[in-house]
Each structure stands twice: as C-alpha cells, then as structure tokens.
Amino acid sequence: MRDNPPSFFHGISFQLAKIGIILAFVLSFFMSSAQLYLDFHNQQKELESLINRVIEVATPPAARSVQTLDDELSDEVVNGLLRYGFIYEVTITDELGNVLAQGRSERSPSTTRWMTEQLTESSKEYSADLMIAGYAEGTAGNIRFSVDMDQALAGFYARSELGLFTGVLRNMLLVLLLFFAFYFTLTKPLAKLAREINNINPDHPGVQRLTPLPARRKDELAQLISSSNQLLDVVELSLAKRRAVELALRKSEEHLRQIIDSLPVMIGARNIAGYYLFANQALSDKLGFTQEQMRNQHVRQLLKNSVFDIDTILQNDHRVISGGQAIDVFEEVFVTATGESIYLQTHLMPMAFYDEKVALIVSVDVTERKNAQAKMEYMAHHDALTGLPNRIQLVERLEHELRRAERHAYYGAVLFIDLDQFKNINDSLGHPVGDRVLQEVANRLTRTVRDEDLVARLSGDEFVVVLTVLDQDLGTAALRAGEISEKIRTVISQPCVHDNMELRVTCSVGVVVYPDRNNSVHELLRYADTAMYQVKEKGRDSIEFFNEEMADKVSRQLVMEGDLHRALDEQQFELYFQPKIDVRSGRVKGAEALLRWLHPTKGTISPIDFIPVLETSGMILEVGQWVLEEACKTLVRWQEQGLWQEGMRLSINISPRQFRRNAFVDDVLQTLNTYAIPDKSLEMEITEGIVIQRVDEAITTMTVLADQGISFSLDDFGTGYSSISYLKRLPVGVLKIDQGFVRDIIEDRNDRVLVETIITMGRLLDMEVVAEGVEQAEQLAILKQYGCHFYQGYYFSPAVDRASFESILRDDQQPNIKIND
C-alpha cells in the first residue's frame, strides 16, 4: 500500500519555518529583554541626573523667597517646576513648616502605567533643604516635589516599542526568506523524490529511476538520489536472484511433495495444540480427506472416528515437541475411511516447521506383518491340518493344568490316542483321503469332550486329550476317565463316508491320571504313550491305564537312556561282525556289522533291550552315525591290511528315524569324503517299513547314495508288505529272507514255499538273496537247491568281534581251504 504525499502543514518547509519563527522569537525575546533592561537602567540614571539638576536650579530662588518671604518668587519657583511634565506637585515651606507656595497639575492617563507599576513605583517624592547663609540654624526651609514615573519613562517606552516592532518585523522577514530557501532547495526536491519513490513498482524496482538533481548540486540530497538509484539496481538484481531461488525452491518443494506423496508410509505434522499442519497423500487417503481439508484441522476432529485414544496421541505430541526427543509407538490401532482396522507402527520426532516446533509423524502400515505374526503365532501353537493345538500348546496348557489341579486338589486325566493301522488308508487311498479322515477324527474328538477339556494333535495319527476337573476322588476320576475314553473309542470307530465308501478306523487309548507323584508334563505324556503301546501289543482297539508295572518299565527305560548316553561318551559300544557266506563256494563275501553294548558293570546288554530305547529317545541318530563312521574306519583298516577283497560288502543297519532325517544324505556323503573306503564295499540294510510310507522320498535318498557306490538291501523281506509294485522301483540290490522263515524251512512246507518264492522273485528281478538265521546243514541244502546266493547264521559263525572276524578273513584267504562243503 502506497502512502499519500504529505500536506503543506506537514511538509519540511513549514516545519522548518515554524521552528525558525519559534527560535527567532525566543532569541528576539531574550535579546530585547536584555536591551530593555539596559535602557531602563540608563533611563533611571538620566532621570536621577535631571532631578538633581532641577534641584540645583530650583533651591537658590526658593531659599531667597523663604528668606524674604517673597510669595511671588515662591509661586514662580513652583510654576517653573510644574512645567516639567513628569513633576505634578511642588511645595515650599519655611523653617517652621508653614507653606509659602504650593502647586499641583493633573496626571495625564497612560496605557503604560501598569507596566511602570511592575517596573518601579508609580510616583516618587523628592525634597531638598533650603540653606540661607549666616542663618543660625543653617536651614531656612524646605522644598518638595513629586515625580510621575510613568511620564518620566515615556521616552523609554516609546523607544522600546519601536525596537520591539522592528525586531519582530525583521524576524518575520528572516523566517519567510528561510522558508522559501528551504522549500526550493530541500522541500520541493524531497517532495518530488517522495512521489517518485511512491510510484516505484515493488516487484520491479529497477524499471523506474529517481530523477537526479542538476549536476551543480553536490549536496547530500543529490548523493541520496544517486545512492537510491544504485540501491534500486541492487534490489532489482537481488529480487531477480530471489525469484530464481524461489522458483527453484518451489520446484524442489513440488518434487519433494511428489516424493512424500508417493511414499507408501503415512507422513504428517502436528503442532503442540494438536492441529495438522501437513499430511501426505497416503495419510489423507487413509483418513478420507484431501490434504487441503486436513491442513489446520484439529486431531480430535480428524481422528474422532479413526483412533480410540486421542488423548495418548496428544500427550505423545507434547512429549516430542516439549522434550525434543523422538519416541516410537510400536503399535496403534487405526480405522481407515472405509472402516477397516489396521495396525500402525509410528515414529514421532521433533521438527522445526517454519516458525514453530512441531511433531513429525511417520506411520507404517504393519497390518500384514501383524496378521502374519498372528498367523505364525497360531501356526506355532496349532496343527496346520486339523487346527487343533499342537505339542507346544499342549505342553504349556498341561503345565498350567497340573498346577491348577494341585492347587485345587482335584484329578484329571491325559489320554494318548493313536489310530490303528491308519497308514493302510494313506497307502491304499492316498494322503488327501487320510488327511480328511484325520480332520474328521479331530472334529469327533472335539465334539465328544467338554469345552474346558483340551484336544491336541501330536503328529501323524497321534492325538492327546486332556480331561480337566474329573473329581476330587482318585477312583471316581479314573472311572470317569475310563468312561470318556470308551466313548471316544466308540465315536472314532464309527465309519467315515468317502466316495460312497465307508472307511473305518479304530484307536488305541492310553490313560494316565494326574497329578500323581509330582510327575512333569513330559513324564505324563510318556506314561500315557506307554499305556497306549500296551494296547498295541495286546491287539489294538482298546483302552489301557498306566500302572506300576508300566512305571517300572518306563523307569528302567529312563535309566537305560542315561546309561546309553554314558556308553556313547565312554566308548562302550563295539561293532561285531557276522560273516556273509556264498552258498555255492562257501567263501566269505562280506559281513553284517551289528552293534553291541559292553556295559562295564552289567556286561553285554542285548540289542533287543537297548535298540528300542535308542529309537524312542532319539539317540539312534547319534549312535547310527557312530556305526557308520566305525564301519568306514574298519573298511579302511581291512583294505590297508589286504583283508578286504574286491566284491566284498560290509552291511550296516539303518534305522527308520535315521533314514528319514533330512541331513541323512549329507552326513553319509561327508563321512565318505572323510574315509576313503574301497569302492562299492558299503551296504545299507533298510526295512520295508522305512520305504513304504514315503516311497518317493526313499527312492530319492537311495538314488543319491547309490550314485556314490553304496548298495542297499531290503531286510526282513516277507514280514511286511512285500509289494512288487514298489520293490521294482527301489534301487535295492539285495533281498534278505527273515530268519523266521528259515528256522522252520525243514518241517514247514509253507515256509519252504515262501522262501522259494522270495528267492525266485529276487533272481527274476536280478537281485541277490541272503538268508538269515541258517543254523543247520539241511537248511543250507534247501537254500542251495532253491538258488539262494548268500546266507548268514550260526551254522557258519555267530557275530564276532573285529579281531575274530579278521582271523576268519585270513583263514578264508588261505589256499586250498574249503569252508562248508
């Protein structure tokens, strides 16, 4: 907005003239006052001198008139004095005070009498004694007269008035001249300069220049105009630069805004009062507003339908802005414009925003991660197929239930349920059908028990049911547990319909009542599992309670587990070797390595006792690896000693748990890289049960190892499924006939038929056949008749230690020695 030019009375000329007049009059006043003061004193001196002369002239005739008592002379003296205009009364008296002559004139009016009264007295009286020579007293009379001071100072007043008038006139002329001089030399150029400055365009100050003064002027005003023009040029250049910078800043801000708006995170800024100052596109879209609508809106208005705790948001903003420290809000629930609930992870930090300090809010939508975490948490505690709690959740809840039962003095029960021969369904109808059966079993179990009870799936076809708060009496609780177990067994045994086909499964149930003897969760599960296996051993599809005999068995198993750990650490295990003999030549063609445990105090422990414990405890993995390494070391030793001939094979038994381990192939290959065993000298014996459940995986594992020179034999052939459909797919080179068939081959025709069939099938499939448990010559003769390739058994030699087997190898290699005609 431009200012209007100043009026005349506000101009510099008028102001300077006014100041000049005031200064002139003040100066004139003081100088005139001093002049008047001096003139007044001079006038008084002149008056006193005049009065003295008057007295000198008037006293002689007055004295003669008194001496001679001449009235005429006295009157003449009086009238002579009254002729002075400032003397208005005269009196002459003799020595006795008698008036000889007296005169008086009227005092004329005057406009200055008031001033006279201020300066001095209005009138003064003068007297003089009349002296007569030779007179005795010396004084013959007296003369007195009164002086009008106003008339006496009339001349002074006239001169002063003229002086004051001329002084005022002089000052006025001086001020007028100064006014014109100021106007033309200063005010007029300044007024023009003000108009030109007022007309300058603020956006383009360098376009219109100020008119310079004539070149003869070198004063400050001329320098001001010149400097102003230079300043306008500088300002024009600065504005051009500023406009360029502002344009670049606007472009930069626009790019930054585009970048911020394109970010997937929600970004905003709030001040300490809770008002939004900025919001990017992601945040405004989530709230259902535009960015302009959000600006300068309070958080209570914007988020009233989006979050549930606005006070906490405002408190966090206050902490960030007042404290100057960033904070993280790890999780807050947020409702979008569409009503969808999402989870945000927010970071708040202080930031200077123009002229105030605000809280910068950066929020990331972690809903998917939150849901994934919840899903992972659910998956970590639930079975993927049935949705039932898994082992982890089972252990946690059962631990809690144990503590609750002990605290409130009641009994519950743990039911370990295993489906009988469930793998028949998987093998015959496929795993998808088996999965549907498992889901149906899970649903039936859930419907059968109460809501406060727990149904969990451990693995495969194993389920656990935890019955809570059965009764405070142990006997009654056990009875109720038995009734519920029977109900479960009945419900599960009901048929499942699939493709117009009824599928029936039964179950074996092991039951243990808790709490008892402060048993832990894992002990309870072990006891229930043991009771379930008792059902399996007795024929399946039944219920068995865990009893003292089972407890003793479990206790012995636990003791044996500890002994087995020490046996592995203290190298109590040893490999024994049972020779494998060629049926026709009677020569040693290899051996089977068998694990033996030589306990330092208990002596030799039968594999029948400790192998199952190794399997159930999981130690079979470590021990199996030890057997593999020890067998490889032995093969290297025999090769170095020249005892191991080409074509001979040493077989080792591989447990199902060891074979199905994911790292099994890597462990074997690493062992083969460590020990340079003879080519094709190692054979692995596996049972039909290992491969029948996961045929494709078994084929893959066996193929990889077969490529490394390892051969496979199928142990105990004929006792399992003996399906040619999978047998022809497996990379198996040897069939081993179970010793149960060989034992009665002499008397039992059925066994002879089975043995002959197995041998014939093996030969037709181009496989070698090994018979186990040969103890008599008649058995060997029958096997030789049927075309069996190799045999093992006490007829030649039981399993012996390494030194004894090495002796057998040396004897077998002696010339002209024939073993077993």
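**A pair of helices**

Modeller: Happy to! Helix H14 covers residues 431-448, and its 18 residues reach 25 Å from first C-alpha to last, close to the 26 Å expected at 1.5 Å a residue. That expected span is 1.5 Å times one less than the number of residues; helices are DSSP runs of H or I with at least four residues, strands are E runs of at least two, and both are numbered from the N terminus. This is a predicted model, where local features need pLDDT of at least 70 and side-chain atom pairs 80 or more, while totals for chains, interfaces and linings use all residues. Residues are numbered from 1 along each chain as its sequence is written, and side-chain values use heavy atoms, leaving out hydrogens and water.

Now for its partner. Helix H15 (residues 474-493) has 20 residues and reaches 28 Å from its first C-alpha to its last, close to the expected 28 Å. H14 packs with H15 at an angle of about 145°, their axes 10 Å apart (axes are lines fitted to C-alpha atoms over the stretch in contact, with angles from 0 to 180 degrees between N-to-C directions). Val441, Arg444, Leu445 and Thr448 of H14 meet Lys487, Ile488, Val491 and Ile492 of H15, where contact means heavy atoms within 4.5 Å.

Among the buried residues of H14 are Val441, Arg444, Leu445 and Thr448; buried means under 20% relative accessible area, with a 1.4 Å probe and protein chains only. In H15, the buried residues include Ile488, Val491 and Ile492. The buried residues of H15 also pack against strands, including E10 (411-419) and E12 (462-471).

Note on methods. Buried < 20%, exposed > 50% of the residue type's maximum accessible area, 1.4 Å probe, protein only.
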